[in-house]
Every structure is written in structure tokens, then in C-alpha cells.
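Subject: Structure handover

Hello,

Here is the structure I promised to pass on. Please open it alongside this note; my findings follow below.

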Amino acid sequence: MSWFTKTIEEKKPQKKALWVQCKKCSSHLWEKEWKDNLNVCPHCNYHDSITSRQRIDLIFDKGSFTELFDNISPVDSLNFVDLKGSYKDKIEANIRKSGISEAVVTGHGRINGIEAVTAVMDFRFLGGSLGSGTGEKILQAANFAYEQGIPYIVFSASGGARMQEGVLSLMQMAKTCAGVARLNKKNIPYISVLLNPTTGGVTASYAMMGDLNISEPGAVIGFAGRRVIEQTIGEKLPDDFQTAEYLLEHGFIDAIVQRKDMKDYLANVLSYYNR
Ligand SMILES: [Zn+2]
């Protein structure tokens, strides 16, 4: 057959991989085994990321969760454009990719029967960055917890402040801190769960303000990156620097909780609170 008459074969759809490779120990696992184990490696206990929806399903009693403030989405106040394109296009692409309208999902539900308000950050959405919409949702959820007298739990997973919003994103640090600090006035518990990774302006604001600050094993938690600090102080940092384990050892967090135990742990903590 001549080259010119040969028909172009249609691309066959790629088969879905049945295996997952652990990012830490490189073990291969059946995808089902991986999912059944909540995206945690059974060999090295590496806690891989899960989506905000998966976390809500994991923590809240079935059918009890009601989403709040889902009408809030990012605002491109600066008409920001960089070499890779406009912020507006990035927002639209991230909404399509993740199925959520901001880097955090807020709402309330029950954990083993106990009521809680929550904000669950999602790293898939612009690296879980803290923009004005993200800050607004976290604040609104804190206000809801304040008005209703319900404990507030924030799950953080973030690369820090959202660069595309400039100083407006930095303002969210003060705004969210004010929101969670107000809960103290009514003695409403605020629990911060730091997930992998929690860095930059999120670590430097509400994520470290919990009455209880807890983390999943191996989570990277810090402000500036390791390389920046090493270059600034001219010293090599320990290998486990900026890990949840290092922070626990040095008193910066209160506990490390396995993903499979998180729901019962939170329910137990909340059970001590009498409204
Ligand atoms: Zn592993």
C-alpha cells in the first residue's frame, strides 16, 4: 500500500493503569488495594494526597455533610497575566480540572454524631494557594461556627499565599486569623489539621492557630523552603527538618494521627466539648 492511500489508524484509548507506585518507597500496589488503604502505602506508611471530597467522605458521617459558601470563587482583581497566561484562564482550567470553585471546600456535618464546621483545602486547585476567595470561605465558615456555637476544624494543604493576587492574598492571613481567633470569645474549639504540604502564608497564619494542631505522618510543614533557609543561615539542615515528626519533637504540633484513625481521633476530641 502506498503511503498516500494508507488510512491513518485511529488512536486507541489508553488502558487505565491497574497499578500505583508509591512516591516514597517505589513499591507497586494494586490500585484497588491503594484506594482501600485510603491512598496510604502499606509498606512505608506514605500518606499520598486525597481530594477534599474524599476527605469529607472519610471524616463526616454518611449523608450528614452540607456544603456552605460554594458560591464564592476566585476574583482576578489585578487582571494578572504572567508568561504562562492569564490568571483568569488558570482559574477556569482549575475549576474544570478539580470540579470545585476554590481551593477550599467549606460546610458542616457530623463526626460520629458530633456536629462540626469545616474548611477542607484541596491542593489540586492552584496548589491549595490562599487567595481572596479561599480566605473569604475560611472566614465565613469560622463566622458560621461562631454564630452556631459549633467546633471548627480546618484541614490545610497549601503552597502558601496566591501570587496572582498580590497583596490581596497576603491580607487573607490577617483576615482568617481574626476569624478563628474570635472563636475563643465563646470558647468554641478550633482544630487545625496540617496535611502534606502546609507551607508559606498558610503555616504563618490560621494553620498554626488551632487550640489543637495535629498532622498526618510525614507531612511537610514549614514557612520558607529548605534551600532558602540553608542559603540564608549558611548551614545544612537536618534531613527530617520541616516534617510533622520534627515539629512534634520540637513542640510545634500536638499530635500525629494516621489517616485511618483521624475520624475517631477528632470525634474523641470533640466529645470533651460541652455546648
Ligand atoms: Zn511506600
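Two residues are in contact here if their C-beta atoms, placed from the backbone, lie within 7 Å. Keep that in mind for A145. Leaving aside residues up to four places away in sequence, A145 touches V117, I150, P151, Y152, L183 and I188. Please also note that this is a predicted model.

**The core**

The largest nonpolar core has 49 residues. A145 is among the members that touch the most others, along with I138, A141, A142, Y152, I153 and F155. Which elements give two or more residues to this core? They are the strands β6 (104-111), β7 (114-121), β8 (152-158) and β9 (190-198), and the helices α4 (132-148), α8 (244-249) and α9 (262-270).

**The whole protein**

Now step back. The protein has nine helices and 11 strands. Its radius of gyration is 21 Å, close to the 19 Å that the globule rule gives for 275 residues, so the protein is as compact as a globular protein of that length. The C-alpha trace spans about 80 × 50 × 45 Å along its principal axes. Of the 275 residues, 37% are buried. Take the contacts with a separation of 6 or more: 67% of them join residues 24 or more positions apart.

**Backbone details**

- The peptide bond from N196 to P197 is cis, and its omega is near -10°.
- N79 is not a glycine, yet its phi is positive, at about 45°. It sits in the loop between β3 (66-68) and β4 (81-82). Is N79 buried or exposed? N79 has 8, so it is exposed.
- N187 also has a positive phi without being a glycine, with a value near 55°. The loop between α5 (167-181) and β9 holds N187. N187 has 11 C-beta neighbours inside 10 Å, so it too counts as exposed.

**Where to start**

Then go to the cis bond from N196 to P197. Finish with the loops that hold N79 and N187.

Best wishes

Notes:
Residues are numbered from 1 along each chain as its sequence is written. This is a predicted model: local features need pLDDT of at least 70, side-chain atom pairs count only at pLDDT 80 or more; totals for chains, interfaces and linings use all residues. Helices (H or I, at least four residues) and strands (E, at least two) are DSSP runs, numbered from the N terminus. The radius of gyration is taken over C-alpha atoms; the globule rule is 2.2 Å times the number of residues to the power 0.38. A residue is buried if 20 or more other C-beta atoms lie within 10 Å of its own, exposed if 12 or fewer, and partly exposed in between; C-beta atoms are placed from the backbone. A nonpolar core is a set of buried Ala, Val, Leu, Ile, Met, Phe, Trp, Tyr and Cys residues joined through C-beta atoms within 7 Å.
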